[in-house]
Amino acid sequence: MVKEKREKKKWIYRGVKTKMEPYFYILPVMVLLVLMFGYPLIKSVIMAFQNYKLSNINNVYFNDLANFKKMFGDQNFLLLLKNSVVYVIVAVLGQFLLGMILALALKQKFRGRGLYQSIVFLPWAFSTFVVGLLFRWSFNGEYGVVNDLLMKIGVIDKGIAWLGTPGLSLVVIILAMIWMGIPFFGIMVLAALQSIPEEVYEAAEMDGCGIIKKFFFLTLPYIKPTIIITVLLRTIWIFNSFDLVVIVTGGGPANYSQTLPSYMYTKAFSGYDFGLAGAFGLLLMVILGIYAVVFLKISNYDKAGDF
Amino acid sequence: MKRSTKRKLVNAVRFVVLTFFLLLVVLPIYWMVITSFKINQEIVNAQRLTYFPQVFTLENYQSLFRMLDYGGFLRNSITITMATAICVVVLSILGGYGLARFKFKGKSAVLLFFLITQMIPGILVIIPLYVVFSKAGLVNTHFSLFVFYLITNLPFCVITMRSFFERIPYVLEEAAYVDGCSRLESLVKIILPVMFPGIVAVFVFAFIGSWNELIAGTIFLNTPDQWTIPVGLKSLIGKYSVQWGALMAGGVLALLPTAVMFIFVQKYVVEGLTSGAVKG
């Protein structure tokens, strides 16, 4: 009798709880994120319209669109935009294609696959700082191993000043970014590949489908959601990341490897011009917002926001 | 083409591809490691590059320890990173579970918000936080960096955790309810053990994300006793004109902990993601 009563009470209790219950689980995360992202975001938007210099913190005032005029009027602006676009497109494409090839090669079991995976996926666990240093050292114009190897196989006969040549310095940054990013795509795509049921392939084989047909009509559709989400996230992350630029070239020579975010970082922390940095930040967000909407639309991803 | 020749061809291609990727990863690491064991005259010898140290030395490691308090950096890195990773795991379990198991008002807004947080350039978050922290006297504390790492790692980890929960059949939970478990009990006793690989994966994401972070570290921490490993190593550049031997030695020591951890848990990461393949 008592037990029955208690059970009834428990059931009612649970019934009442259900409406509010989901919020109990997500509230801690949401409160934290809304506060810690919301406040800085609002503050940055305000700063973008202010004369806000840390060197002159007592003289903060609204200056209309002066920061934006300064940003678009910057003589480097077009170069920065071009560098950013080239950097993000080549790096994402490179990582994606190589990561995909790696995942396809890993799909079938073979002896020592676990060990092999532990090694090839390693760069994913590496710090950008160390990888940046390693590439900066390897592409060193005088003592770099890359020049030495290229000369040994006879591709070049004189060392190239990779980091000091406009155009080439950005190439080194892109290569480092690709190298670091292959494992992320590899792991994600491999995980997606492994969750494709084996029977699907067996059925296709019975119907006489070849490798290429199987890839395009079976594998690809199956892993499409994973691809869309990883490409989207990766593009956003890479577009905003600038630590490699700072570490490998410092933007040099003469801003030829500078991207929008790395330039913004330099402006914020060498000139302490937070207003201008805010304007750059807003621009980056607008670009990424447009990109995300367009990308999700053309990739026919039906669950917008559901990433 | 005969079936067996075709299979052989596929295997040969796979072998070539796998070898390529192995070399791609191993060679740069090899270069870093051997540079760290060379004496300086050998490192900066433009005439002849050596592919194995002619004189094997530990001098670079010794000078690294002389110049920097490496043990201190290691301790700081471990403190901040462990605190971050543990909190991220707990909060992602709660948040991921809420998003996977319930329909509620504002759910799609929550997901959209997560996506937007990913688009905010780090500097836009760092600058205002820095101003707030300095007013609160929190600049140059581990806490400031912990907060930053917590919020930057959370969104991706919550979403990843959610997709793990979605792969676990609801029947499993229902069975627990029938046995008289409350929701929380069933979460802790039934669901979490099944999700172990997924939890490890999220832990590793958060751990690596904060262990390797440099920029916020250099901004929030300004005395060497608080520095993390990347921040400490960065001080080697410029202070003494670039000392490649010591830097590479520092690099090796910085990568070692994550590399060792990753080799052990890599299996769980792939397994965790497979059972919950980051679905769209």
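Hello everyone. What you see is a predicted model, where local features need pLDDT of at least 70, side-chain atom pairs count only at pLDDT 80 or more, and totals for chains, interfaces and linings use all residues. Residues are numbered from 1 along each chain as its sequence is written, while chains are lettered from A and ligands numbered from 1 in the order in which they are written.

Let's start where the chains meet. Chain A brings 75 residues to the contact and chain B brings 73; two residues are in contact if their C-beta atoms, placed from the backbone, lie within 7 Å. On the chain A side, helix H1 (residues 2–48) gives the most, with 17 residues. Helices here are DSSP runs of H or I, at least four residues, numbered from the N terminus. That side of chain A has 54 nonpolar, 14 polar and seven charged residues. For these classes, Ala, Val, Leu, Ile, Met, Phe, Trp, Tyr, Cys and Pro count as nonpolar, Asp, Glu, Lys and Arg as charged, and the others, Gly among them, as polar.

Now to one helix pair. Two packed helices are described by the angle between their axes and the distance between the axes. Helix H12 (residues 274–298) of chain A and helix H6 (residues 122–135) of chain B have axes that come within 9 Å and cross at roughly 145°. Axes are lines fitted to C-alpha atoms over the stretch in contact, with angles from 0 to 180 degrees between N-to-C directions. Who makes this contact? From H12(A) come Phe274(A), Ala277(A) and Gly281(A), and from H6(B) come Ile123(B), Leu124(B) and Ile127(B). By class, that is five nonpolar, one polar and no charged.

On to the backbone. Most residues other than glycine have a negative phi, and most peptide bonds are trans. In chain A, the loop between helix H10 (243–248) and helix H11 (260–270) holds Pro253(A), and the peptide bond from Gly252(A) to Pro253(A) is cis, with omega near -10°. Asn255(A) lies in the loop between H10 and H11 too, and has a positive phi of about 70° although it is not a glycine.

Is Asn255(A) buried or exposed? Asn255(A) counts as buried, with 20 C-beta neighbours inside 10 Å; the cut-offs are 20 or more other C-beta atoms within 10 Å for buried, 12 or fewer for exposed, and partly exposed in between, with C-beta atoms placed from the backbone. Over in chain B, Asn140(B) also has a positive phi of about 70°, but Asn140(B) is partly exposed, with 16 other C-beta atoms within 10 Å.

Methods: Helix = DSSP H or I, 4+ residues; strand = E, 2+ residues; numbered from the N terminus.
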